[in-house]
Amino acid sequence: QTARVASLCGANSVAFHAAFYLKDNPLQVYDRLKILLAGMTADLRRQNRPILLRPELMGKNSQFGTLEELLKLCSEVEGLAPCIDFAHLHARGGKQNSYFEFKSVLNQIEKRLGRPALENMHIHVSGIKYSAAGELNHINLKDSDLKYIELLTALKEHQAGGVVICESPNLEEDALHLMETYQKV
C-alpha cells in the first residue's frame, strides 16, 4: 500500500525494513521474502506503478538485510534495489569503515547489479552506536567513529548518484555538513 501511495505522489522508490530472523534459519527467511517480494513487485507492475522497493541494509545481527542478502535478492527479483545504510553496515560487526571497504561495497554493487545501480542509489548515513549484537542507536556524526569523509570520497570516485538521507538525531546539521564535505572531497 505504501508503494502504491508513494507512486501516486511521484516517488520512484520506497525503502523498508524487510524482516527479523527470529528463530528461523536465515536461508528460510530469505526464501520466504523472495517469494513475497516477487509477488509484490509483480502486483506493482500489473498496476502500472513504476516504483522500486528497496529493502534496507540493517544494523542488527538479528535482522534480515546483510549486504550479501540484499545483493542476491535484488539480482533475483525484478523491481527491487538495495537501500544501503553505511552506518548499519558498520554496526554489523564494527568493521566496514574505511575507504577501501567502502570502495569494496560499491564495487560489489556494480558487479552484482550493474552500473545503473550505482547511478541510482538510495543511501542512509549517520553516526551509530553499536555492540557485538549490532546497532544500538543512531548518533550524531561528530560523536561517532564512522569515517564518513572516506565514504564520501569513495562515493565521489565511483560517480555514485541517487539520494543520500541523513538519519542523525541532528539531521539538518549533519546533512548540511555531509553536503559541504562532499563538495570539498
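Predicted model: local features only at pLDDT ≥ 70, side-chain atom pairs only at ≥ 80, totals over all residues.
Biologist: Which elements give two or more residues to the lining of the second largest pocket?
Modeller: The lining (residues with an atom within 4 Å of a point) holds 14 residues, and Leu-152, Leu-155, Val-163, Val-164 and Tyr-182 lie nearest the centre of this pocket. Helices (H or I, at least four residues) and strands (E, at least two) are DSSP runs. The elements that supply two or more residues here are helix H7 (148-157), strand S7 (162-166) and helix H8 (171-184).

Biologist: Which element provides the largest share of the lining of the second largest pocket?
Modeller: The lining of the second largest pocket divides into 12 nonpolar, 2 polar and no charged residues. Its largest share is 5 residues, and these come from S7.

Biologist: Where does S7 sit in its open sheet?
Modeller: The sheet has 3 strands in the order S3-S4-S7, with parallel pairing. Strand S3 (83-85) and S7 each pair on one side only, which puts S7 at the edge.

Biologist: In S7, which residue is the bridge partner of His-124?
Modeller: Two strands pair if DSSP finds at least two bridges between them. Strand S4 (residues 121-125) and S7 have 5 bridges, in the parallel sense. Across from His-124, the bridge partner in S7 is Ile-165.

Biologist: Which element gives the most to the lining of the largest pocket?
Modeller: The largest pocket holds about 270 Å³ of space, and among its 14 lining residues Gln-1, Thr-2, Ala-3, Met-40 and Leu-53 lie nearest the centre. Helix H1 (2-8), strand S1 (13-16) and helix H2 (26-46) each supply at least two residues of this lining. The lining of the largest pocket divides into 10 nonpolar, 2 polar and 2 charged residues. The most, 6 residues, comes from H2.

Biologist: Which residue in S2 stands opposite Ser-13?
Modeller: S1 pairs with strand S2 (residues 52-55) over 4 bridges, in the parallel sense. Opposite Ser-13, the residue in S2 is Leu-52.

Biologist: How many residues does the hairpin use to join S5 to S6?
Modeller: Strand S5 (residues 127-131) and strand S6 (residues 134-139) pair in the antiparallel sense over 5 bridges. One of the bridges has Tyr-130 with its partner Glu-135 in S6. The hairpin that joins S5 to S6 runs through 2 residues.

Biologist: What radius of gyration does the protein chain have?
Modeller: The protein chain has 8 helices and 7 strands, and its C-alpha atoms fill a box of roughly 45 × 40 × 30 Å along the principal axes. The radius of gyration is taken over C-alpha atoms, and the globule rule is 2.2 Å times the number of residues to the power 0.38. With 185 residues, a compact globule would have a value near 16 Å, so the protein chain agrees with the rule, at 16 Å.

Terms used: Residues numbered from 1 in each chain as written. Heavy atoms only, no water. 1 Å grid on protein atoms, 1.4 Å probe; cavity = no way out; pocket = protein on both sides within 12 Å on 5 of 7 lines; lining within 4 Å. Points joined across faces, edges and corners; volume = space filled by probe spheres on them. Nonpolar A, V, L, I, M, F, W, Y, C, P; charged D, E, K, R; others polar.
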